Amino acid sequence: MRALGRRVEDFARKSCRAFPLEELYRLGRDDRPQLARLIHQEIAIRNAQLCKELLLLPFGLAETAGVRKVVECFSSYVDWLSEFPAPSKDDAAFTELLKQILKDNADITRTVGGAVLEVRSALGEAQYEEVRTEVDLILDRFFIKRIGLRFLIQHHIEAAEASSDGSGIIRSMEVGNVLRAAAAEARSAVVEEFGLAPQVEVIGDGAEIPLVHTNTYATGSSLSRPIPKQDCFTHVPSHVHFICFQLLRNACQAAVGNWKRRQCQEQRELLLAVASDAAAQQSQSVPLGRATVAGFPIMSRKLMQLPEGLAPVRAIFAHGREDVSIKVSDEGGGIPRSELQQAWSYYGTGDDRAAGVGLPLSRLHARYYGGDVVLKSMEGFGTDVYVFLDRPPMAPPRHLRDISETPSRAITFSPRKIHRLSLNSRALNP
Ligand SMILES: Nc1ncnc2c1ncn2[C@@H]1O[C@H](COP(=O)(O)OP(=O)(O)OP(=O)(O)O)[C@@H](O)[C@H]1O
Ligand SMILES: [Mg+2]
């Protein structure tokens, strides 16, 4: 095993601290210098502990170039932080340092992907299948720790901006607006990839009229009404955005992929019909190749430019008592049941882009806060993905600002959530 620097070893021996969300909320809003002092040490400790864990990974993962690069990167953060004096009242320089760390110059997700692909090709497909579940658990553990770490960093950076609707990255949010922003991003990513993307309907706050099935949600339905003020939802919008973007991009990709497959099928059928017509007229067989050359380019251009029959993706959301739920539905053909497990697996596609993290990372982001992501597929039709975001009995922002005066009403996250979070934190700080 490769040796770590003394500093990293020293920090790794210290214990890390669990931060209840309420405390982070309060510190981010009222006492940033104290938040800076607390996380200065904490981030160094957590990075050092991650380095130690990474070097103990099984299946040859610890020896891969990717893991070595990640360890090098995290060790350098420990050095930066330990050389940095304890933050004082003016923490601007410390915030700058955190921004450097958050930038993630090593592109950790892709680098870890490279490590997994290296192990996979060394073991061979059959043997990798035997250890896949365990590798996924290792990656769950690694990425949830990273979410926790980045949460602290992002929270401190964003707490620098005064805000009336929250504290740092914990904010009152409108799910419809987050979904619409994520949909725009997802669509443009898919246009870049495929040249076209389906419409995305966002239904739940009455801001959009559904393109199809207009009578499914009657005028009286709660989905077609604006969200009442007292129903406001405090969460971490940047993380909800991440989840929505990943799921909407998957849905748009599937919809376009399925549509293109159908177009090709129709073209093939049309060409066969043309060929057999011509053959019948000339009473002799026409080679299919000639009909293809004559007909295909014209039809192909025409059909590809007109995405007729490209069903929209729909994102429906609802504010319940316990959860805010989102359902992303597409008609992208679904996923065969035998492939479902692989879809949730990290880097499951096995291609050299080190892609295949959208689903597992979305679920991890939801679970981090006590929520979940669940996928239901109808092979041959489409996929529904449900996101459940744990919803505490949240006070509107006006009350959140009164936390110090009225502690009993000042609930930023429910006791259930804090309990779950501390469970997560225990997992984070074993
Ligand atoms: N809505 C969907 N319809 C059909 N297949 C889907 C859908 N969502 C996910 N999948 C399948 O699950 C696989 C894993 O999805 P995931 O988002 O984790 O990775 P990815 O999309 O391949 O890559 P990336 O890391 O860029 O998101 C996809 O490659 C696709 O085969
Ligand atoms: Mg994806």
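Which residue just after α6 takes a positive phi? Select Gly124 to find out: its phi is about 90 degrees, and it comes just after α6. Keep in mind as you click around that this is a predicted model.

**Stop 1: helix α6**

Now step back and select residues 108–123, which make up helix α6. With 16 residues at 1.5 Å a residue, this helix should span 22 Å, and its end C-alpha atoms are 23 Å apart, so the two values agree. Next, colour Val112, Gly113, Ala115, Val116, Leu117 and Val119, which are buried in α6. To see what covers them, show α4 (65–83) and α7 (125–159), which are among the elements lying over the buried residues of α6.

**Stop 2: helix α8**

Move on to residues 175–194, helix α8. Its 20 residues reach 28 Å from the first C-alpha to the last, close to the 28 Å expected at 1.5 Å a residue. Pick out Val175, Val178, Leu179, Ala182, Ala183, Ala186 and Val190: these residues of α8 are buried. Turn the view until you look down the axis of α8; the buried residues fall within an arc of 130 degrees, so they line one face of the helix.

**Stop 3**

Select β6 (residues 323–330) together with β8 (residues 382–390): they pair in the antiparallel sense over 8 bridges. For a landmark on this pairing, look at Val324, which stands opposite Leu389 in β8.

Now bring in β7 (residues 372–378), which also pairs with β8 in the antiparallel sense, over 7 bridges. Here Val373 stands opposite Val387 in β8. β7 and β8 form a hairpin with 3 residues between them. In the turn, click on Gly380, which has a positive phi of about 95 degrees.

**Stop 3: ligand 1**

Finish by selecting ligand 1, which is surrounded by 16 residues. Show the closest of them: Asn250, Ala254, Ala343, Gly358 and Leu359. Which helix supplies the largest share of the shell around ligand 1? That is α9, with 4 residues. Both α9 (237–282) and α12 (358–368) supply at least two residues each. Colour the shell by class and you'll get 7 nonpolar, 8 polar and 1 charged residues.

Terms used:
Residues numbered from 1 in each chain as written. Chains lettered and ligands numbered in written order. Predicted model: local features only at pLDDT ≥ 70, side-chain atom pairs only at ≥ 80, totals over all residues. Expected span 1.5 Å × (residues − 1). Buried ≥ 20, exposed ≤ 12 C-beta atoms within 10 Å, placed from the backbone. Contact = placed C-beta atoms within 7 Å. Near = placed C-beta within 6 Å. Nonpolar A, V, L, I, M, F, W, Y, C, P; charged D, E, K, R; others polar. Pairing = 2+ DSSP bridges. Arc of directions from axis to C-beta.
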